[in-house]
Amino acid sequence: MRSWLLRGVLLLLLWNGLTVSAWAVDQAQLQSINQSWSQSAHALADVNCSSCHQNKSTKQVLQRPNHESCQSCHEAQVDTFLLGKHGIRLLEGQTALTPALAHLPMQAAAHDKQMNCNACHDVHSVKTLPASVDSCLTCHKDTHSLNYQNSRHAQLLQEEGALPRPSTASTTCATCHLPRQTSASGTVMVNHNNTFTLLPRDRMVKEVCMNCHGMEFAYNSIFDDDLVESNFARPPTLSMDTLKMVRALEQQRSGNSKSE
């Protein structure tokens, strides 16, 4: 049924002026897109081709929908994306960021990739698991990123098996850099600002690390540069003086309390 619905929408778009050459998609690709879409959350929510490929005001066909198309439904996700390094150029009216412009080492094959929603998400299958690790490693080539695959965090994810999206217990690149946050209304949302938890580092401790680890373990890990580079390949060996002072103060207070 959905297959026929999709074909109907495609015909409608073609009727409105879209040509096969303009779309540059052949029949095999259309069938692949149809199959991905028919099994996606978008299909379940009746979000079809025209929902993304047709301008709601002008009714003109959008050959390549951008973040503004996604924003009409995923407002909070796109708003936060535009505040991070991935999206800030779009917010400022510039061309999209490409890995070639980055200061970090990037995969050469991805240098021309345009940082938009579909840079990380397959917009037709809408599976979020690939976007949580695979999409990151498609572009990032720095030591910290490459070491994820051999980390304990990656091992935990692999032990969960095949998932349509990361579970709340999964520890992926996105878990730390695009953390889930709960609004005042109780809605859980992925913060797509990829720099939100980077600086100051202790923001990641509160927002992410302490969901699983104790405060002292988390602080001693996140401020150990070598440990971060290895993607947390071993337990922390750092012992922060600040935490020693806090422990001593607690002991002092505890002693004073007993004397009173």
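Is Arg201 buried, exposed or partly exposed, and what is the relative accessible area of Arg201?

1. Arg201 is partly exposed, its relative accessible area being 28%, where buried means under 20% relative accessible area, exposed means over 50% and partly exposed lies in between (1.4 Å probe, protein chains only).

2. A word on the basis of this note: the model is predicted, local features need pLDDT of at least 70, side-chain atom pairs count only at pLDDT 80 or more, and totals for chains, interfaces and linings use all residues. Residues are numbered from 1 along each chain as its sequence is written, and side-chain values use heavy atoms, with hydrogens and water left out.

3. The structure holds six salt bridges, a salt bridge being a side-chain nitrogen of Lys or Arg within 4 Å of a carboxyl oxygen of Asp or Glu. One of them joins Arg201 to Asp225, with 2.9 Å between the closest N and O atoms. Because Arg201 lies in helix H15 (residues 201-207) and Asp225 in helix H17 (residues 225-229), the pair ties together parts that are 24 residues apart in sequence; helices here are DSSP runs (H or I, at least four residues), numbered from the N terminus. Asp225 is also partly exposed, with a relative accessible area of 46%.

4. Another salt bridge is formed by Arg247 with Glu216, whose closest N and O atoms are 2.5 Å apart. Arg247 belongs to helix H18 (residues 241-259) and Glu216 to helix H16 (residues 215-222), so this pair ties together parts that are 31 residues apart in sequence. Arg247 counts as partly exposed at 34% relative accessibility, and Glu216 is partly exposed as well, at 33%.

5. Asp224 and Arg234 also form a salt bridge, in which the closest N and O atoms are 3.5 Å apart. Here the partners sit in loops, Asp224 between H16 and H17 and Arg234 between H17 and H18, so the pair ties together parts that are ten residues apart in sequence. Asp224 is buried, with a relative accessible area of 10%, whereas Arg234 counts as partly exposed at 35% relative accessibility.

6. Finally, Ser151 is placed in the loop between helix H12 (143-146) and helix H13 (152-159), and Ser151 is buried, with a relative accessible area of 5%. A polar atom of the Ser151 side chain lies 2.7 Å from the backbone oxygen of Tyr148. For reference, a polar contact is a pair of N or O atoms within 3.5 Å; within protein, one must be able to donate a hydrogen and the other to accept it, and residues adjacent in sequence count only if both atoms are side-chain atoms.

Methods. Helix = DSSP H or I, 4+ residues; strand = E, 2+ residues; numbered from the N terminus.
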